[in-house]
Every structure is written in structure tokens, then in C-alpha cells.
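Reader: I am new to this structure and would like a close look at one part of it, namely the salt bridges and what surrounds them. Please take me through them slowly.

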Amino acid sequence: MSLFESSLSTGRGKIKNKLKRIEISPMKKILLLFVIFMMFSGSVPAQELDWTTWRKLPVFSHGRVVPLETYARRLVSQICRTDAPVLQLDEHVLEEAMRAGHLTVDQVRNIRQKFPDAGKGKRKFPSYVLLFEWLADPELWDYIPFLYVETSDARKNYLGVDSGTGSPYVTPYSVSEHAEVIEQLLTNYDAAKQNLDEASGTVRRYGKTLENLKTAYLQFRSFTADPNVATPQMTVSMLEQAVVSLMEALRTYEMLQQSGVSELELPFTQNAEMKALTQKIQTVYLLYRRSLEETGEPVDSRKAEMLFEVTLRSLEEMLPAAERYRRQIFTSDGTDDLSLQRPRMLAETFFFQLQQIRMFCEAGYIALYDSEDMLHVCPLLSAEVLKADRSQKISGQPWLSLQTFLRGSDAMVRRFADPNLPQVEDELAEDNTHRKIKIAFHEMVAAYQSVDFNRVKLFADASRNLAERLRRIAETSEPVRRNLLPADSQSGEIFAKTAMPEPLVITAEFYYEILAPFRNMWRGSLTAFCLLLISALLSCLPKSLKRFELFFFWTGSVFLILTELVTLTGIVFRTYFTGWLPISSKYETVVFLAFSLVGLGFWATFYPLFRDRLKKAWIRTSLADSRSRQVTKNTTQWKRILLLPRAILTVLTLYLLLWASYGELSGGVLRWNTVKEAFLMNDPLDWIAVILCMGLIVWAVPRAVLTLLLIPFVGPPIPGEKDSRGSQNKPVSTKTVWNQILERKIFLLAAAFLAVGAGKYASAQVMNFSPLQAVLRSNFWLAVHIVAIMISYASGAIAWLLALIATVACLFGKWKQESSKTGPSAIELPWLSRLLIPYLQNLIGVTVLCLAIGTILGGRWADYSWGRFWGWDPKEVWALVTLLFYVIVLHGRVAKLYGNFGLILGGLFGLFAIVMTWYGVNEVLKGSRHAYAASDTGSWVTTLLLCFVAANIFLGMLALFRYLIKKTILEAEIYNDQYKS
């Protein structure tokens, strides 16, 4: 052992002996561990908390029950222009608020604690965290910048924000401080919308920006609305309606007293009850009017709650008496007595007016703590919001907001959410669910803001407790909610859509939102396109590099398959959530177009792989044993074996067509429940159409299903065996098949390229679910009409891209004449264009077929929904124009009106008709009855499409000009050769 090692060993022994002599008490060990933990961990940031239960909380929004994750992303995106904004404090605003006395030192410290590095750093807020923060500390968020303003000039000139941070966000405090300037500019902007030519540059530049800012500001105020801070405008509006109805009811009651029906006792003796009711409603109404007109201070919400509760109780006592009186006067003797007609009408009117008063008072009561943008977490016990034909004046949501549970009283929760809530005053009562909800939420807030070791567990327990208690209220009150309306009411669909869903449904949509299958669809398509493009380029290089061609081809194909599977998963999820095929809005049709493009690309590329097997399986599933086909004994045996499964599939198809329930709606009314009922209700002309369609489906669908199932089990045709046409089969090697697939990868390349564009457009749109238009609520017609149309659009788009490649080849390629021909037909296109002609013709054929089917079925759907087959609507006209254009393109070449070059130009220009039919009618014309899929895409998309159309026309004209020149030159050469000979 060396001297260095010996001294090192001696030193280690001394250190160990000294450590053994050190005694540390248990308390010192705990303190030491605490110091070490605080040194290395610090305070746990908000993102490390378990937000899963909070994010899965069921929320009613835009006509559907969604997880809070979906709702939060939608609301935060509308306010902040992104669902996860990166925010930074503006110290100038904090200092100004402190000087004005709006903020205390403690409040400023709490605001700065929300950001790292003492307020100098930035923090990214996920949407669900931001929503929780707004609920927990709404008064502090008035001074944190999160309202998006696009330009720095607008922030500086109209909001006084010049912090130098470069952040595009401003505070609600800055907006409220400069409200008069913003309102003046918006007034000028509204006036300038009618004639923008006369508007000033400032109005044009900043009007839209400040309009969006105002909308976002009002949404935030609506979400955090506190009746003790601002007077609820909806409450005042409903009270005004109640007072108007009350005055009408008083006049009706006076006329009832003067009607002379002495044998029947009026429901309210000496009008005392009516006078008391009038006094109660007017007390509430005057309370709010004075707060708006005189004092400017908001009404005490607790006092308003008490007045509303007393008023509604009086109404509930009066309504049964009024109903009894109405029943008595209608069932009394003297049915034909003309003297009773007026009292009966007045009694009916009086009862209806009392119901209307209760409706308006109830709506005003709910609006104390509720607005459209609030967090609605529990079904609401109110008959009015569940009616299919509810009053247009009532804009309330069918669920109660979390803000109501946090701010409202037990009486309010008992009336609108939990009728079984006990009337106890003990805040710690175990069965008082309302107070437990308040406690659970405040425990979430306390755990979120604390630095306790156990804060993660405390937060998870509190959020789970909140969710469980809200679900318990919803489940126990569901029978009460269903008894609010008669059993024969037409609100069955509303009951189903507004009930608390099962946890599995919410969980599925939560993970769908996390997966966002359509948001990154274009990235997968772009990756696949790049790999396939590399494969295509390698095929043009020497053989030494071609070995990588197959690798890149298969890698790109795998990426495209994975993208297609993710897209299909999203389509299945959306169908499961809504109950309708997701092809009704602009966003959904773009997604389905991308899906169809990739599907068509795979079908066309890999068709040689299963072409022969498909033909063989199709022969084996036929019913007839035609002698002309000279089938083998093995094929005949297959046919006999498949008779039973085909018969079973035929019976099943017939059952699904005739007796399976579809529940088709038209204009919100259930027209028929099964196809059989529709057949019995329609006229004789429809009978013929239904019989033909059903016969085709019953014959074709079972055979098609069996054919697809047989493909893996049938081998390729045997060499020398006769095929369906009676000709001899030729042996085809596996290598030849794969070479054919590689030669056809242009289809997959084109599909991937177009899917990138469609996916990028879809990712820029809002992926929220929207209520389906009543006329579109038909899965049958959505499937047969829109699917056919979208497949035709996908086929036309691929045909356009191939035609574009062929046009470029015609423009820059080498033309020549055929030595075996004379005349104009002797002109030969460049080799790449000639290569693409068969594929182009087949794609245009698919486009014509699907367009024809979709257009005919669309006319039948219009007759079913609107009572007319054709109305020369802009959508219908352009659909017909598109179909006729492709028909002319396809058949003009057969009729020798033009040659291959005319087919190329037809495929190039055909897409313009598709764009006009699909996009132009919805976004440009906007007068069509079919414009359901219109979206707020902005004028930039229209401008981009116009540039695209112009570029294609210019390219096509250049190619046509070169074609005419080459044609003239080659014809002259042919003429000279003939003359010399």
C-alpha cells in the first residue's frame, strides 16, 4: 500500500470515530430534515398538484355536459386567445393600484407570490388552473394582465400600458380605467362598419382589436360576477318582465270580479292575496331600480334572496287556488251558456299570467348568481328551462352554477338543486350537502395556496369531496327533476341531454380532450409526406441508393396509418359523445376530408396487393353459378358454404332497415322511428324509390361484407385457371406486385400532401362540439349523403393534384410526335403526363359516381326535411354545376371532343367548382339554406383561396399556350414530312 493510500485510510478512520461520538437528539434530526427538505424542494408549484378530479368535473356548456377541461379550454381561449397563456406581472399597474388605494400591501404580496422570482418571471397557466384562480381570487386578478390585445400601439394609446415587457396582455383594471375611451372608439367603429371607406385609419386599425378586448373583458366579468359588487342585469330584466305581467294579471283579476259569476267563489277573497303579491314583487323591483338609478351601489344579495323566496312561496300558494277556480268554471253547469265564455277565457288568462309571473321571478332569482359563462355543475330544478318550447325571454342554463353553491343560501339550493336539503342552522351538520360543498371548495383553495407538506393530498381529497357531493345532489334530485313536467311532454331529449352523465362518459371525453386527435393530425401527415417524398426521390437515383426507397416508403406509410388511426379514434369519440356522425360542421367536414384523402390514397396505392384476391372472393360470394364463367369445382363448393352466412347477413340487413329504431328528427319533430314507418307514411313515388334502394342494399351489403371477410382466406388466382371473363390467368410474382405498389405511391404521396393542408386548416379551427341543427339530426342521411359527397371531394382533390403534376410536366416536359400516327392525334404528351392519365381518369370517375349519388340523396333528404326535392338554392345549383362539369370532363374525352390534355385541364379546374360548392356557398354567399357549416374563418381564407384559384388558372393557361404552340409546330413537321414523301 502506498503512502498516499495509507494516509487516506487513516483519515477516514478518524472521521468515522468523530461522527460516532456526535449525538443528535430526535428533535434536532427532525429540524435538520426539515431544513434539508426546504433547501431542496421549496414550495411546491401549482402544477404539481393532482388536478385530475377538478379537470373531470362535469360542466354543462353550450348545450352539452362536458368535463371542466373542455369548458376551461374554450373559455380561456376566448379570453386569452390561447388555452395556456404565459403571463407576466406589470409592476406599473400594481404601483398605480396601490397609489389609488385599490390594493393593500398584503394583496400585492399575494399577487406576486403567484409568479416566480418575486413577480419578475413568467408563468404558464394551464386553462384549468387559470379557471380555479379566477374563482379563488377574482379581486386579485383584476390587476394581473391576461386580456389579449393584439397590437402594442393599442395597448399604449388606449389602455396606457407601456411596461416594456412586450407582453400582449393587459389587466381588467386597465380596461375599466379607460372604459370611456374604448367605448368612444367602438361607437365610431360600429358606425364605420356600414361604410369603411369613410372611416379613419385609427378606427379601421384598432376597432376590431378593442371589440375583441371588450368581449373578453365582459366574459371574465360574467364568470366572476358577484352580486355584492355589481348588480345582475338579468335579474333586473326578469323583474321588469314580472312587473309587466303582474299589472296584466291585476287587470284580468279585476275583470274576473266584474264578470258576474256569483255562484263560483273567486280564488282570492277581497283581492288581499293579489295586493300582497304586488307589494312583494314591487319591493324587489324597486330595490334594484334604486340601486341602479340613485345610489349606484349593488343590492345586498342575501336580502334579495329572502325577498325572492317569500315572493315565490306566495305564488306557489296562489297557483293551486287559481287552477281550482279555472277547473270549476270549466266543469260547472251551463256548458253552452254564452255568459260563461268570457269568465272562462279570463280564468284561463289569469292562471297563465300567474305562471308567467312565477317564471320571471324564478329566472331573476337564479340570475342573482348565474350567467351563461359561469361554471354550471349540477342539474337545475326548474321546469321552464326544460321545456322544448320555453320562452325566448328566459336564457338561463339547465344546470346550476358553482358560484350559486358558493354564494347562495340554503333556501336557494333547496329550491333549485336539492329539495331534500335539511333546514338546519348547524354549519357542521353531516347531512348538509350545501355547506359541505362550500367547505370542500374552500379547502381546495387553502391547499392550493398553502406550503404545507401535505398540500398535495389535501388538495386531492378536497377536489374529490367536491365532485362526489355534486354528483350525489344530481343523482338524488333526478327523480324530482323528471317530475317537473308531464309524462307526455316532448322534452324527453332535453332530459337526456341535461342529466348528470356516467363517470365513464366524462372520463372518455376528458382523455379525448387531452389526446386532441385532430389538433396534431397535420404533423403526422407532414412527417409521412416527407418520408414518402424521399422515397419517391430515391426511386429516380441509381440502383445503389434504391435500397433505401423501400425503407422510407414503409416508414412513411406507418406514420400515415398511425395518423389515420388517431383520426378514426377521434371520429368514434365524437360520435359516442354526441350521438351524431361528426360530419355536420365546417371543422368536422375538414377532418373527415383529411381522413377520406388518406383512405383513398391507401386504397389506390395498395390495390394491386388484393386486386386478384378481391375478384376471386367476389366470385365465390355470388348466388348464381354462371356457366359462362367456367368456375372450378372448388369455387362451387365455396358458394354452397357461404349461402348460410349470406342468408343470415341478409336477414340482419333487412331487420336493420325495417325495424331498427333510428328516431329521425325533422325540424325538431319526430317524423318516424323506423324505415318501415317512413315507407308506410310516404307517397307511392317514394315507395318505388324506397323499394329500389332497399333491394340494392339487401343484395349488395351482405355480399360486400362476406367478400371483405374472405380476402385473407382466398389465395391468388391459380395460373392457367380461367377467371370471371373466361380468360386464362397469368402467373404474377410477389416481386411484381410490390413493384406495382411502389409505382403507385404517387397516390399516397398526393393524399398525404392534401391531408397536411386539410389538417392544418382543421387545427386552426375551434374543435368544440356545437349543437346540431334540427334539420341535420339524422344519422341515416348524414351517413349516406354527406359521406358520399366528402368522398367525392377527396377523390376530386387527389385528381387535382395529379392534374397539377401533369400540367407542370406539360409545361416543362418534352413533347414529341408518334411515328405511327398522323394528324393532330400524333402529338404525344410528356412521359410523366402520359403515366398519370389512367389514374386521373379513374379518380374523376370515382368523383362523378360519388357526386351523383350524393346529389340525388341530397335531393331526397331535402324532400324529406323541407317537402321539396329541388329549390334552386345556391348550394343545390353549385352542386349541380360541379357534377355536370366532371361529367363533361369524363365523357368529353370518350366522345373525342378533346384528348388527354383536355382531361388534365378538367382535373385541374374541377377543384374550383368543389371549393365554391363547399366553401364559397357557406362563407361567401351565406344566403343558402344549406349554410349550416359556416364558420368565423375570416377574410384571409377567402383571399388565400382566390390566390390559389388565380395561380391554378395562370398555370393552366401557360400549359395550354405551350400545348397550342407545340401542336402547331408538330403538325407543321408532320405536314412537311408527308409533303416530302
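Author: What follows goes through the salt bridges and then turns to the nonpolar parts.

This is a predicted model, in which local features need pLDDT of at least 70 and side-chain atom pairs count only at pLDDT 80 or more, while totals for chains, interfaces and linings use all residues. Residues are numbered from 1 along each chain as its sequence is written, and side-chain values use heavy atoms, with hydrogens and water left out.

A search of the whole structure finds 29 salt bridges, a salt bridge being a side-chain nitrogen of Lys or Arg within 4 Å of a carboxyl oxygen of Asp or Glu. In one of them the side chains of Glu69 and Arg55 meet, at 2.7 Å from N to O. Because Glu69 lies in helix 4 (residues 68-80) and Arg55 in helix 3 (residues 52-55), this pair ties together parts that are 14 residues apart in sequence; helices here are DSSP runs of H or I with at least four residues, numbered from the N terminus. Glu69 is buried, with a relative accessible area of 1%, and Arg55 also counts as buried, at 15%, where buried means under 20% relative accessible area, exposed over 50%, and partly exposed in between (1.4 Å probe, protein chains only). Both residues belong to a network of salt bridges that links Arg55, Glu69, Arg73, Asp83, Glu513 and Arg519.

Glu549 forms a salt bridge with Lys745, the closest N and O atoms being 2.8 Å apart. Glu549 lies in helix 24 and Lys745 in helix 32 (residues 745-763), so this pair ties together parts that are 196 residues apart in sequence, and both Glu549 and Lys745 are buried.

A further salt bridge, between the side chains of Glu478 and Arg482 at 3.1 Å from N to O, sits inside helix 20 (residues 455-482), where the two residues are four apart, about one turn of the helix. Here Glu478 is buried, at 16% relative accessible area, whereas Arg482 is partly exposed, at 41%.

As for the nonpolar parts, the largest nonpolar core has 134 residues, and those with the most contacts inside it include Trp54, Phe132 and Trp134; such a core is a set of buried Ala, Val, Leu, Ile, Met, Phe, Trp, Tyr and Cys residues joined through side-chain atoms within 4.5 Å. Helix 15 (residues 341-366) gives the most to this core, with twelve residues. A second, separate core of 92 residues includes Ala750, Leu782, Leu857 and Ile904.
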